[in-house]
Amino acid sequence: MKLGIYPRLALNSINKNRKLYTPYILTCIGMIMMFYIVCFLANTDMTSTIIGATAITLIMRLGSMVMAVFSLVFLFYTNSFLIKRRKKEFGLYNILGMGKANLSKVLICESLIVGFISILCGLFLGILFSKLSELLFVNILGGEIDFGFKIDFTVIKYTLILFAVIFLLLLLNTLKQIKSAQPIELLRSENTGEKPPKANHLFAIAGIVLLVIAYFIAVSVQTSVEAMLWFFVAVVMVIIATYLLFIAGSVSFCKILQKNKNYYYRTNHFVSVSSMIYRMKRNGAGLASICIICTMVLVMISTTVCLYSGGEDSLQKRYPRNYIITASSVQLDNLYSADAELLKETAYNTAVDHNYTPENILDYSYACFDASVEDNKIMPLVTHPTNTQNITRVYLISIDEYNKITGENEALTENQAMICALRFRFKGASLQLGDNTEYTVTKKLKEFVNNGDAFQQISPVLYVVVPDIEKAAASYYGLADFQGDKLVTFSRVYGYDLACDDEQQIEIAEIYKDNLSNIQYNKENLNCAWDCSSLERTEFMGIYGGLFFLGILLGIVFIFAAVLIIYYKQVSEGYEDQSRFEIMQKVGMNKSEIKKSINSQVLTVFFIPLAMSAIHLVFAMPLLYKILILLSGTTTLTLILTTLACFAVFALFYIIVYIITSKAYYQIVSSK
């Protein structure tokens with residue numbers, strides 16, 4: 001054959017199969033465009049102007065890695081639909097005299113054409129929309145906007161290399177399938193159905209067991225740290241269980257429908273149920289993929305929206321005052337020494353020097369240590385914990401300090417105490433500190449003053465108000481924790497607010513930092529740490545804004561992935577069912593009955609993935625909430641409302657896709 005005929009045959013094949021190739025090429029273009037945009041945002045100069053740029057860049061680079069892996073897996077998945085539909089065409093070429101070597105040359109030309117169009121258009125659109133994405137990204141993060149236009153040739157190089165390799169792997173996979181297949185097999189490929197998988201009951205039971213275990217993990221995890229550790233384990237178990245249930249369980253479900261004579265022997269059910277059983281193994285895998293992607297989209301968008309919307313609440317909980325200065329020592333007396341007063345005065349005078357008077361002042365001391373709470377005994381954590389569920393951080397506060405910061409007038413005798421337990425239940429009417437000192441609990445407080453300790457925000461804590469913290473902590477003096485450090489630490493918190501904007505607060509914070517480095521105090525006896533909420537706000541919102549923006553981008557990608565899987569599933573099954581419906585028309589089935597049968601088949605399986613993803617989401621809520629509590633100040637109500645809103649929008653979009661794809665299916669099966 002002349003070399004010029006191969007490109008013409010390739011173009012002709014793409015044109016004749018444009019119903020299959022058009023969405024495939026558009027998907028390739030979309031993947032390339034999104035990958036370029038994410039990589040561009042990871043390397044843009046505008047990001048470097050934002051506080052927290054390192055974390056933001058890391059998030060976007062992680063997003064580019066996710067995009068690269070997903071592009072490889074998803075394009076292989078969609079390419080398999082394309083090749084299966086065209087195997088009959090390849091077999092016909094083979095029988096008409098075109099050898100596999102010649103057919104390979106046609107496929108190489110097709111791959112080059114598709115790859116060239118996809119990469120060229122994808123890069124063009126990526127470059128075109130990169131500036132818009134950059135402006136939106138920086139606006140979310142609160143950075144400085146630059147309207148200059150830039151093309152990142154390094155990102156172009158990475159994009160070219162990645163997708164050239166992906167298209168090469170797709171071509172090699174196709175050539176391997178063609179080489180190993182016989183011409184007769186290729187011609188009959190469309191008519192080769194898949195038998196129901198053997199031992200499907202065992203697979204179904206295994207899927208149910210895995211799903212129950214994953215759901216149990218999600219609802220039983222107690223702490224945020226445990227939630228982070230178990231999250232990925234639960235996700236993997238849910239994915240495996242979903243595939244097992246859809247592949248094996250769907251066969252059992254169809255057989256149950258088949259045994260129900262009142263349901264099965266109806267015109268609109270007979271054809272749909274029998275055709276679903278005929279190819280249910282592949283059908284189940286496709287439905288499972290749709291379910292997993294739907295769940296990923298809903299989890300990703302709802303959690304990133306919660307993170308971004310709850311960023312300010314998280315900041316306020318982590319930094320209850322504009323400025324927080326914490327002085328720590330192993331001795332209580334050091335907290336009220338001349339050095340401690342010097343740190344306090346320096347912080348106060350720095351604000352006054354800029355004509356601002358500190359407001360809402362918080363000034364109190366406490367002792368803290370980690371312990372294991374068993375019944376009413378508070379046992380010091382001096383060895384490595386074997387059970388993390390009972391670990392609690394204990395804060396001891398004197399009754400005088402409590403009355404000072406709350407404005408109340410409580411009184412306690414020598415062996416009385418008030419407590420406030422957060423994120424766990426303390427049931428005892430008394431508590432024992434150390435070996436012998438026992439206190440009667442006179443009052444259980446619902447909340448306590450936030451001191452800005454990060455541990456306080458995420459883990460079980462117990463506040464104990466006692467007459468004298470030095471006496472209460474005496475049993476723990478001289479003890480070391482499992483890392484060898486002193487068990488008990490005394491801290492003094494000094495914080496205040498300033499009535500000025502964030503920019504002025506950051507300026508004052510920088511001056512205080514300089515003043516702190518210039519003053520002389522005994523750092524061996526006193527350790528000083530300080531925070532400025534305005535200084536941290538930009539970094540907080542930058543990280544959450546980066547996750548929010550990346551979540552939206554990846555959510556869009558996964559939505560289009562779900563749409564394409566649904567579309568190819570409907571189109572490929574439409575071509576497979578075409579001959580069956582043609583026969584049914586010849587024996588008397590009219591177009592109205594065909595529509596009813598199609599609606600029955602599509603509705604039977606189309607909304608199962610959406611329903612299953614909703615169930616996954618419901619059981620994932622407790623786990624997601626604990627993770628979000630670790631990262632932000634999200635409330636349960638915020639998470640529920642955000643998730644419901646995301647699900648409602650996604651369900652509406654899903655219904656629109658259903659209407660469009662069911663029409664495409666009907667047009668194919670009724671075309672003859």
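**Cavities, a pocket and a helix crossing**

The lining of the largest cavity comprises nine nonpolar, three polar and two charged residues, where Ala, Val, Leu, Ile, Met, Phe, Trp, Tyr, Cys and Pro count as nonpolar, Asp, Glu, Lys and Arg as charged, and the others, Gly among them, as polar. The model is predicted: local features need pLDDT of at least 70, side-chain atom pairs count only at pLDDT 80 or more, and totals for chains, interfaces and linings use all residues. Residues are numbered from 1 along each chain as its sequence is written, and side-chain values use heavy atoms, with hydrogens and water left out.

The largest cavity holds about 170 Å³ of space. Among its 14 lining residues, Tyr21, Asn79, Leu107, Ser111 and Thr174 are the closest to its centre. On a 1 Å grid over the protein atoms alone, a cavity is a set of points where a 1.4 Å probe fits but cannot get out, while a pocket is an open set with protein on both sides within 12 Å along at least five of seven lines; lining residues have an atom within 4 Å of a point. Grid points are joined across faces, edges and corners, and a volume is the space filled by probe spheres set on the points.

Turning to the largest pocket, about 1800 Å³ of space lies there. Of the 50 residues that line the largest pocket, Phe231, Phe232, Met296, Val299 and Met300 are the closest to its centre. Helix 18 gives the largest share of this lining, eleven residues; helices (H or I, at least four residues) are DSSP runs, numbered from the N terminus. By class, the pocket lining has 41 nonpolar, seven polar and two charged residues.

Definitions and conventions
Helix = DSSP H or I, 4+ residues; strand = E, 2+ residues; numbered from the N terminus.
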